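Please look at the sequence and the model first, and then read on.

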Amino acid sequence: MNALPQRKPLGHEIPSWVRDGEIYFITICAENRAARPLIQGTIAHNLLESVAYLNDHDQWFARLFLVMPDHVHGLISFRADNSMPRRIAAWKSFTTKQFGVKWQDRFFDHRLQRDESLDEKAHYIRMNPVRAGLVDAPEKWPHVLDGYKRLG
């Protein structure tokens, strides 16, 4: 019997030719997604506070960060001297230790290309709670840090 091919993990290191400040669409999933762990108690608030802290201390710039019950989405820029995988791993480690959040090992990232619209990605993220049936309008979802509005 043939074994199924093993899925290779995708690298997350930013190539040297990518400019400083490029924007990445990031998705990070919690373990035990059915338990909706990220909206229990003050977890969502604490996650957003930690993201704002990293913004304020120039560790990354989250233009938009939204906490769903079982995952987070962000539009984040990283400085060239601040490795994306290490920064995300450090954030996941911190939130695990401080707030008890258990994350899946990997995360998804996609660098926005020149022809992709930041507005379209931001709209997709903001509409996530609506598509999930959690609210009937995106502005009613409380678990969002929207630094994106301050840009324009």
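Contact means that heavy atoms lie within 4.5 Å of each other. Helices (H or I, at least four residues) and strands (E, at least two) are DSSP runs, numbered from the N terminus. The model is a predicted one, in which local features need pLDDT of at least 70 and side-chain atom pairs count only at pLDDT 80 or more, while totals for chains, interfaces and linings use all residues. Residues are numbered from 1 along each chain as its sequence is written, and side-chain values use heavy atoms, with hydrogens and water left out.

The table sets out two helices; the expected span is 1.5 Å times one less than the number of residues.

| Helix | Residues | Number of residues | First to last C-alpha | Expected span |
|---|---|---|---|---|
| Helix 1 | 43-56 | 14 residues | 20 Å | 20 Å |
| Helix 3 | 118-131 | 14 residues | 19 Å | 20 Å |

In helix 1, the residues I43, A44, L47, L48, S50, V51, L54 and N55 are buried, where buried means under 20% relative accessible area with a 1.4 Å probe, counting protein chains only. These residues lie on the same side of helix 1 because they cover an arc of only 160 degrees around the axis, the arc being that of the directions from the helix axis to the C-beta atoms. They pack against strand 2 (61-67), helix 2 (84-99) and strand 5 (144-145). After helix 1 comes D58, with a positive phi near 55 degrees.

A nonpolar core is a set of buried Ala, Val, Leu, Ile, Met, Phe, Trp, Tyr and Cys residues joined through side-chain atoms within 4.5 Å. The largest such core has 25 residues, of which I26, L38, W60, F65, W91 and W103 touch the most other members. Helix 1 gives the most to this core, with six residues. Apart from its neighbours within four places in sequence, W103 is in contact with residues including I28, L38, L47, V72 and W91. A second, separate core of 12 residues includes I23, L75, L112 and W141.

In helix 3, the buried residues are L118, A122, I125, N128 and P129, and what covers them includes strand 1, strand 2 and strand 3. At I125, shortly before the proline P129, helix 3 has a kink of about 25 degrees, the bend being the angle between axes fitted to the seven residues ending there and the seven starting there. Just after helix 3, G133 takes a positive phi of about 75 degrees.

Key: Buried < 20%, exposed > 50% of the residue type's maximum accessible area, 1.4 Å probe, protein only.
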